[in-house]
6 protein chains.
Amino acid sequence: MYSNCERAKTLVEALPYIQRFHGKVVAIKYGGNAMISPELFDAVMEDIILLHLVGIHVVLVHGGGPEINEMLKKVGKEARFVNGLRYTDKETMDIVQGVLCGKVNKDLVSTLIRKGARAIGLCGMDGSLIEAVRMTKDGVDYGLVGEIVKVNPGVVEKAIEDGMIPVVATVARGVDEDTAYNINADTAASRLAVALGAEKLVILTDTRGVLRDPKDEDTLIKAIRKDEIPALMEEGVISGGMIPKVACCADAIEGGVARTHILDGRVPHSILIEMFTDEGAGTMIY
Amino acid sequence: MYSNCERAKTLVEALPYIQRFHGKVVAIKYGGNAMISPELFDAVMEDIILLHLVGIHVVLVHGGGPEINEMLKKVGKEARFVNGLRYTDKETMDIVQGVLCGKVNKDLVSTLIRKGARAIGLCGMDGSLIEAVRMTKDGVDYGLVGEIVKVNPGVVEKAIEDGMIPVVATVARGVDEDTAYNINADTAASRLAVALGAEKLVILTDTRGVLRDPKDEDTLIKAIRKDEIPALMEEGVISGGMIPKVACCADAIEGGVARTHILDGRVPHSILIEMFTDEGAGTMIY
Amino acid sequence: MYSNCERAKTLVEALPYIQRFHGKVVAIKYGGNAMISPELFDAVMEDIILLHLVGIHVVLVHGGGPEINEMLKKVGKEARFVNGLRYTDKETMDIVQGVLCGKVNKDLVSTLIRKGARAIGLCGMDGSLIEAVRMTKDGVDYGLVGEIVKVNPGVVEKAIEDGMIPVVATVARGVDEDTAYNINADTAASRLAVALGAEKLVILTDTRGVLRDPKDEDTLIKAIRKDEIPALMEEGVISGGMIPKVACCADAIEGGVARTHILDGRVPHSILIEMFTDEGAGTMIY
Amino acid sequence: MYSNCERAKTLVEALPYIQRFHGKVVAIKYGGNAMISPELFDAVMEDIILLHLVGIHVVLVHGGGPEINEMLKKVGKEARFVNGLRYTDKETMDIVQGVLCGKVNKDLVSTLIRKGARAIGLCGMDGSLIEAVRMTKDGVDYGLVGEIVKVNPGVVEKAIEDGMIPVVATVARGVDEDTAYNINADTAASRLAVALGAEKLVILTDTRGVLRDPKDEDTLIKAIRKDEIPALMEEGVISGGMIPKVACCADAIEGGVARTHILDGRVPHSILIEMFTDEGAGTMIY
Amino acid sequence: MYSNCERAKTLVEALPYIQRFHGKVVAIKYGGNAMISPELFDAVMEDIILLHLVGIHVVLVHGGGPEINEMLKKVGKEARFVNGLRYTDKETMDIVQGVLCGKVNKDLVSTLIRKGARAIGLCGMDGSLIEAVRMTKDGVDYGLVGEIVKVNPGVVEKAIEDGMIPVVATVARGVDEDTAYNINADTAASRLAVALGAEKLVILTDTRGVLRDPKDEDTLIKAIRKDEIPALMEEGVISGGMIPKVACCADAIEGGVARTHILDGRVPHSILIEMFTDEGAGTMIY
Amino acid sequence: MYSNCERAKTLVEALPYIQRFHGKVVAIKYGGNAMISPELFDAVMEDIILLHLVGIHVVLVHGGGPEINEMLKKVGKEARFVNGLRYTDKETMDIVQGVLCGKVNKDLVSTLIRKGARAIGLCGMDGSLIEAVRMTKDGVDYGLVGEIVKVNPGVVEKAIEDGMIPVVATVARGVDEDTAYNINADTAASRLAVALGAEKLVILTDTRGVLRDPKDEDTLIKAIRKDEIPALMEEGVISGGMIPKVACCADAIEGGVARTHILDGRVPHSILIEMFTDEGAGTMIY
């Protein structure tokens with residue numbers, strides 16, 4: 001137990017970190033375990049509200065895989081994946097849209113409000129925030145999986161201006177067809193971060209970060225310069241599911257974001273630890 | 001076929017009607033057949049965009065009964081009604097929320113954008129727009145059906161100010177419990193109209209309006225003064241499903257809305273006919 | 001007679017045209033028969049108010065030849081023309097100024113207000129809107145006929161910003177002498193259109209437009225590209241009074257105006273027909 | 001001749017007077033000799049520009065009797081007066097409107113601009129600034145002489161806000177008939193002063209002010225309290241043409257204007273003398 | 001030593017407290033030991049910057065007794081007190097003004113800036129912030145000690161609006177004489193808090209707060225309702241130097257400030273402990 | 001004695017001069033005799049308020065040598081000069097800061113307010129207005145004499161925007177050490193003029209200006225072009241204390257200030273004479 005005096009001191013120690021990010025935009029991609037476990041969920045919500053209150057403009061970008069799978073199971077539809085991407089037929093897309101934009105998104109908004117913040121739930125269709133076309137990669141058909149072609153950050157910027165936390169579901173408006181598209185949440189967060197001129201992109205994952213030896217969590221690489229990425233890929237250190245995440249970070253940096261982070265969402269308050277202490281957390285790509 | 005000269009004349013004849021509503025808020029409750037038939041759907045969208053372009057601030061409030069029923073059927077859940085209200089257990093509420101806020105709402109936004117307008121999809125949780133508590137009527141349990149206790153129109157007003165058409169799904173944020181509530185769309189439209197200081201409330205239905213003889217559509221009552229309502233109820237002229245609709249209109253008038261209309265959504269462009277011609281359409285309650 | 005349903009449909013058909021010009025500036029040069037015939041006058045006023053109401057920023061630029069001639073006759077002064085331009089001595093200039101800036105201009109304002117719009121009457125002297133010097137062409141003396149040297153569109157922009165229709169009388173402020181100058185209304189409209197970054201310049205005339213055979217109205221040339229003008233002049237297709245009008249259009253395009261139109265002011269609602277239907281009217285120069 | 005040091009001192013002595021009126025509205029009714037004599041004209045223009053520059057919001061209201069008479073003579077029309085008011089038939093009204101709104105008004109604007117100020121010319125029709133109905137006094141017909149029923153000061157306030165000197169011609173928009181009305185300039189100035197919340201109303205005349213003995217200019221009454229007016233009228237001290245002027249002043253005070261002045265327009269710079277020295281000029285009614 | 005995870009948790013625990021004061025004004029009277037000891041000084045500065053960063057509008061009001069005494073000693077002038085108030089002759093006043101407004105005030109500004117905040121130093125003369133007259137109490141002469149007659153909070157409000165921390169030296173502008181007045185800093189803080197509509201007034205002292213037994217710091221009274229003050233005075237619990245401090249608090253509450261606090265400035269971070277923990281510190285008067 | 005009519009004429013003659021500087025920034029360095037003699041002091045204050053009232057944005061920059069010397073004498077400290085610069089040890093710096101920022105600065109503010117203006121007192125520390133480092137010239141130690149490295153004119157610009165006269169004491173915030181620095185007032189005025197985009201820099205001195213024969217005041221050089229300075233220095237015409245003053249003027253011109261003036265502060269109202277008459281005063285460097 002800490003005395004209140006010690007608590008005050010801890011608050012004061014956060015000062016330089018708060019000052020560094022005051023008035024800046026920080027995009028947080030939220031998903032995985034941190035979204036399922038009730039304690040981790042509460043911790044992430046608290047972190048976000050704290051950042052918001054100390055004058056940092058948080059934009060929360062979320063997916064919702066488990067809820068989608070659950071709903072698909074309910075309607076007796078098997079999730080089908082092609083090259084690691086969810087094949088999205090029309091019926092699946094309707095369920096994805098309902099679950100992401102209607103259920104997960106608005107529940108996040110409701111929780112943030114209940115905890116004292118002001119929030120608004122948006123998706124890529126609102127104000128034409130994210131425009132996409134049908135993804136075509138190597139001639140494979142992924143159904144209604146979209147590729148982002150344009151980000152119009154107006155609605156998110158207005159929400160920030162009005163003192164709200166924008167919560168963004170990663171469903172895009174089709175510009176080639178009259179449909180919604182399922183888009184990758186990491187990519188959406190990265191593109192949004194660039195469009196908003198964000199200072200930082202944080203991707204919450206279910207691993208400690210980039211590990212030199214994927215079986216040993218003690219081999220965490222704390223920081224990777226953008227130009228070191230190709231070599232690390234060749235060596236196989238960046239591999240599997242980590243490849244697209246690192247690519248999103250690299251794209252964000254290319255687009256002007258100062259620092260990007262792949263954080264361990266299984267550690268409570270990892271966002272605050274990363275941003276407000278000297279310890280850092282996970283892997284920083286810059 | 002009209003000549004272009006005749007077309008121009010028709011436009012000009014709409015002038016005094018446009019002038020009357022310029023800069024005013026008009027709340028439109030949208031549902032029923034007008035939402036299902038593709039032609040009627042297109043006509044309503046076009047009416048709304050035209051109103052928006054000539055400087056009238058439309059707020060579109062929608063339900064989505066058929067889509068909800070379809071989804072419930074898919075997950076093998078029977079719709080259950082108590083005293084004419086959908087009994088809403090937790091599982092049903094999740095589906096209602098997904099379908100209304102995620103699917104129907106965002107599809108409306110997407111259509112308005114595709115047709116050239118700027119739009120944003122909101123529900124009662126965004127910015128705490130509609131706050132509700134569990135409905136308790138005569139000791140009957142309706143599950144997660146909510147009763148509106150407060151409307152915070154800020155997010156809708158901001159959207160109007162930013163030149164957008166706000167589209168509102170009628171799901172409310174619970175203030176007594178940590179849940180979303182299913183709320184009646186007519187009531188929500190009426191309460192929102194009052195909170196926004198709307199000039200007009202339009203409720204699209206599947207009937208011609210209030211009929212003196214419910215079996216004869218030629219007995220339409222074109223206008224009802226608020227103080228005539230009790231007598232018409234006693235006589236049984238206002239009966240069945242028309243009772244709550246008329247009550248919503250009466251509440252809106254009580255709250256300062258100048259005119260309310262129960263329109264026939266089965267007639268294409270009934271909103272424009274009501275607002276921009278001398279004919280009127282359906283029943284006006286004022 | 002059209003049913004109201006047909007009327008509504010006609011309104012809806014205007015949607016894409018309205019959307020194209022929403023928020024843009026359209027400069028209309030008004031004169032000739034359309035100003036004298038009461039029905040044509042009413043039709044032009046209605047067209048302008050409709051454009052204004054649907055969010056198009058109309059600037060009305062007018063001359064007033066017939067009224068000036070009438071007044072000159074009253075004071076027993078013969079109108080005198082040199083090379084097709086009214087020779088303007090001091091006494092004539094006083095009358096021109098009174099009739100244009102005081103009578104015709106303010107009557108237009110009054111009519112627009114009576115028909116429900118907000119309007120303000122300005123001339124080239126107000127806020128130094130149009131600055132001119134004495135015209136010197138080929139050593140001929142035209143008296144107080146001015147040549148525009150600068151347009152300061154501030155007062156007109158403010159009027160637009162305040163939601164008013166600016167009505168501009170084409171009398172300029174002399175910067176070389178302490179006098180007002182009589183300036184050509186087509187030129188003034190063209191220069192003003194450029195200064196305001198207008199999307200469109202419309203010149204109402206008493207002919208169908210540019211005719212391939214001046215005696216046959218059925219030989220109307222519907223569209224002329226700017227680079228086709230020299231050839232058409234050489235061929236004599238563009239000749240006489242049409243030459244300066246076409247030159248004004250060409251100057252406007254040169255200055256960034258997207259499209260210019262020489263319209264038949266004798267056709268009621270020709271502005272609306274041109275702008276809100278697929279027919280077009282008169283000759284477009286682009 | 002003064003030394004520059006003495007000049008500087010004189011400027012400094014004006015300080016407390018400038019401070020008193022800084023940011024306040026002062027309405028000046030301008031007419032009579034001060035408008036005809038070139039030197040007096042220049043002096044009034046300079047006074048107004050100086051007031052404007054030191055942060056006082058001048059509104060210049062003018063008539064133009066001599067110019068109207070001259071024009072009527074030119075067209076061979078006799079000026080006709082009924083009970084001291086110009087009988088205004090339609091033809092006369094057209095000339096009044098042209099001369100006042102088009103000639104006198106715009107010439108004043110042009111002069112102010114040439115002397116370095118920013119100015120805009122308005123009449124009662126612009127933005128519906130002054131609304132009038134046909135005057136009916138004792139059943140006598142005065143033709144198109146109007147009685148002010150409403151002042152909408154918006155256009156004048158906007159002009160002030162934009163840093164311009166508004167110059168107002170006293171022709172009103174008819175709200176009972178589709179016509180312009182000739183209105184009394186003193187009355188218009190008084191009503192405008194009230195509508196603008198003016199601090200001061202200045203009426204320039206061709207006399208020294210209210211004289212105890214009308215034949216002896218040395219019997220000037222320097223100040224009259226509003227409640228002394230009835231007695232002075234009874235005594236015959238306030239008589240003839242002075243009665244309506246004093247009434248205008250009394251109405252202005254009734255409407256909240258702090259001080260009103262009947263000044264001698266034949267004295268150069270009488271406005272500055274009144275406002276910026278301890279001497280005062282003419283008769284103050286308060 | 002705390003882990004970073006524990007630090008993060010501590011930050012999160014401050015959330016509800018931060019939310020309560022976000023966007024509110026808090027006036028802090030700073031003086032005594034907390035101003036002299038370098039560590040306490042640093043702690044107060046950090047507390048203030050933290051409050052500022054989390055969106056609380058801090059106004060820092062300070063005295064500077066020790067520095068004044070030191071300077072008086074340097075110039076060989078004995079401090080003289082009448083009824084517990086510093087007798088302030090002209091020479092003393094000059095030194096008070098120099099030390100408070102020039103030295104102490106600007107040093108505070110400089111420190112806040114060095115620690116990363118934006119700050120501006122003001123005194124009662126700037127923008128006529130605090131107006132005073134010569135104090136007259138029981139016919140005793142206190143020299144240039146002033147009594148506040150008016151607070152014009154404009155300059156402080158502008159500074160807050162511009163995102164700055166206003167630091168206010170308690171020297172007032174004389175409105176009865178052309179002099180500066182020495183005013184009591186507690187009173188100034190209280191008056192300023194009222195004028196700014198502050199949520200809270202904090203007075204830092206050198207005692208634990210109001211003690212039931214002045215010799216026993218363990219007898220601290222944690223909270224006093226305004227209506228309990230008279231009784232506590234009668235009992236002698238509120239006595240000596242505590243009387244005027246309690247009176248300042250009572251005046252602030254009377255003027256609409258929600259809560260006032262007499263805090264122990266000898267405890268580091270007592271402001272944060274009071275505002276951001278459940279412990280509280282010192283005596284709250286409400 | 002002048003008649004009021006002559007006074008009015010004098011005011012009017014100032015018109016073109018007022019128009020030239022309306023809305024422009026004029027930086028005035030104030031010091032020397034003009035600050036000590038009560039009449040000269042009053043004259044400068046009046047000049048400044050007049051400039052302020054006619055819409056010129058005056059920034060008053062002041063030193064305070066005599067007051068500093070007096071205070072140093074009081075505390076028994078000898079003023080010590082190195083190469084013509086006051087050697088400033090820590091104790092001296094504290095006194096300089098108190099006298100300049102607390103006494104002289106706030107007294108000027110108080111006087112301007114008493115005379116009817118709105119004013120605010122600032123120093124280089126407020127809002128980090130002037131940032132300096134320790135001066136190092138030829139290896140000589142001058143103590144806490146600073147060299148300006150950056151001007152952040154934000155606080156001064158805000159004060160101007162709020163309609164206040166900013167009064168600036170020339171003490172800077174140290175960016176290399178945690179100290180205040182004593183800086184040269186002429187330099188500070190020059191740098192501030194550049195940072196504010198001033199139209200004019202006025203330096204009040206105790207001489208007539210630059211004299212061709214320093215012993216003969218009749219040999220005043222009225223105007224010096226920037227490129228004539230080197231020759232005049234070589235000739236010895238610009239010499240002694242005039243060298244740094246002329247250098248400040250040259251720097252200001254280099255930085256975009258249109259005209260700079262070295263004025264005789266011993267002549268009452270020399271600022272007004274320079275700015276509002278055709279005579280000019282002192283030496284203009286341009």
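In strand 8 of chain C, C:Ile165 is the bridge partner of C:Ala119. The model discussed here is predicted.

Strand 8 of chain C covers residues 165-169 and runs parallel to strand 5 of chain C, to which 5 bridges join it. Both strands belong to an open sheet of 8 strands in chain C, with the order 5-8-2-1-11-13-14-12 and mixed pairing. Strand 5 (119-123) and strand 12 (223-224) of chain C each have a single partner strand and stand at the edges, so one side of each lacks a neighbour in the sheet.

Chain C also contains a helix pair. Two packed helices are described by the angle between their axes and the distance between the axes. For helix 8 (residues 185-195) and helix 10 (residues 242-254) of chain C, the axes come within 9 Å and cross at roughly 10°. Angles under 35 degrees count as roughly parallel, and helix 8 and helix 10 of chain C are therefore roughly parallel to each other. Helix 8 of chain C contributes C:Asp186, C:Thr187, C:Ser190, C:Ala193 and C:Val194 to the contact, while helix 10 of chain C contributes C:Pro244, C:Lys245, C:Cys248, C:Asp251 and C:Ala252.

Between chains A and B, 30 residues of chain A are in contact with 30 residues of chain B. On the chain A side, helix 6 (90-114), strand 5 (119-123) and helix 7 (154-161) each supply at least two residues. Helix 6 of chain A gives the largest share, 13 residues.

Terms used: Residues numbered from 1 in each chain as written. Chains lettered and ligands numbered in written order. Predicted model: local features only at pLDDT ≥ 70, side-chain atom pairs only at ≥ 80, totals over all residues. Axes fitted to C-alpha atoms, helices over the stretch in contact; angles between N-to-C directions. Helix = DSSP H or I, 4+ residues; strand = E, 2+ residues; numbered from the N terminus. Parallel < 35°, antiparallel > 145°, perpendicular 65-115°, else oblique. Contact = placed C-beta atoms within 7 Å. Pairing = 2+ DSSP bridges.
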